[in-house]
Amino acid sequence: MIVRFATLLLAAACLLWAGLAGPPAVGANAMSQLGKRIAAGETFRAELLEPMLEVPEQTLAGGGCYSADLRGRMLVATRIAELALEASQVQTLNLRLATARTQVKRLLACDPYDSLGWLALYWTTGHLDGFGGSVFDLLAMSYRTGPLEGWIAFRRNPQAAFAFAEMSEAMQARIVGEWRHLVIAAQHEPAAIALDRVAPAYRQAVRNDRDRIPAVAWATGWQFLERRGSSIDVTDHPRRQR
């Protein structure tokens, strides 16, 4: 309740700056800070995030090309779209996705090397136009611009695994490699979500990579799956001893 109230005050403060201060407004920092909280996994209800998108963009760093604030705005918009998708809000989903994609493109026009932005463009475009063909080029750009950024991998690997079966072998290998690093780094939750999203026929490709994972990390990962209540069958894949 305290977090929700604080978020409401944050949105109200931004709107007040937009209405009274005029560009440039120092309230822009609130958008980038909220984006960081969303990226870190903090949860917010959609109705508390939506007022943030009503802040005129020219109040963010005077309307200039300041990627931190644009990234915050993009994260707010994509989180609203994610919540609509999770709630199966058919009537508003496409509008939420389109709004998010617009914010993503605005960010990438400012900073074409933003790996999270390319991931968001892949995700929004895939849900709007279908996962296939040139859409995977957007995911490839996310890997190209941020191949070793762990905090992006937490979001990217589960989202990439969603369409694993339709991807090229080269892209599949890249996703498997990233999944391996998540397991080694003990980031079990995103690794488990990714594995759950891979179609059963393709999980073999993921599990075959176990020879490149230290035995302790592999065993700990599967123990996490078992505690999580995963339905993935691993009985034919004994843990390798070292």
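Q: Why does Arg71 count as partly exposed?
A: In this predicted model, the relative accessibility of Arg71 is 23%, and since partly exposed covers what lies between under 20% (buried) and over 50% (exposed), Arg71 counts as partly exposed.

Q: What makes the pair Arg71 and Asp114 a salt bridge?
A: The closest N and O atoms of Arg71 and Asp114 are 2.6 Å apart, and because the rule asks for a side-chain nitrogen of Lys or Arg within 4 Å of a carboxyl oxygen of Asp or Glu, the pair counts as a salt bridge. Arg71 sits in helix H4 (residues 67-86), whereas Asp114 belongs to the loop between helix H5 (90-110) and helix H6 (115-129), and the two are 43 residues apart.

Q: Why is Asp114 called buried?
A: Buried means under 20% relative accessible area, and Asp114, at 5%, therefore counts as buried.

Q: How do you know whether Glu86 is buried or exposed?
A: The relative accessibility of Glu86 is 57%, and because exposed means over 50%, Glu86 counts as exposed. Its salt-bridge partner Arg79, with an N to O distance of 3.4 Å, is buried, with a relative accessible area of 16%.

Technical notes:
Residues numbered from 1 in each chain as written. Predicted model: local features only at pLDDT ≥ 70, side-chain atom pairs only at ≥ 80, totals over all residues. Heavy atoms only, no water. Helix = DSSP H or I, 4+ residues; strand = E, 2+ residues; numbered from the N terminus. Buried < 20%, exposed > 50% of the residue type's maximum accessible area, 1.4 Å probe, protein only.
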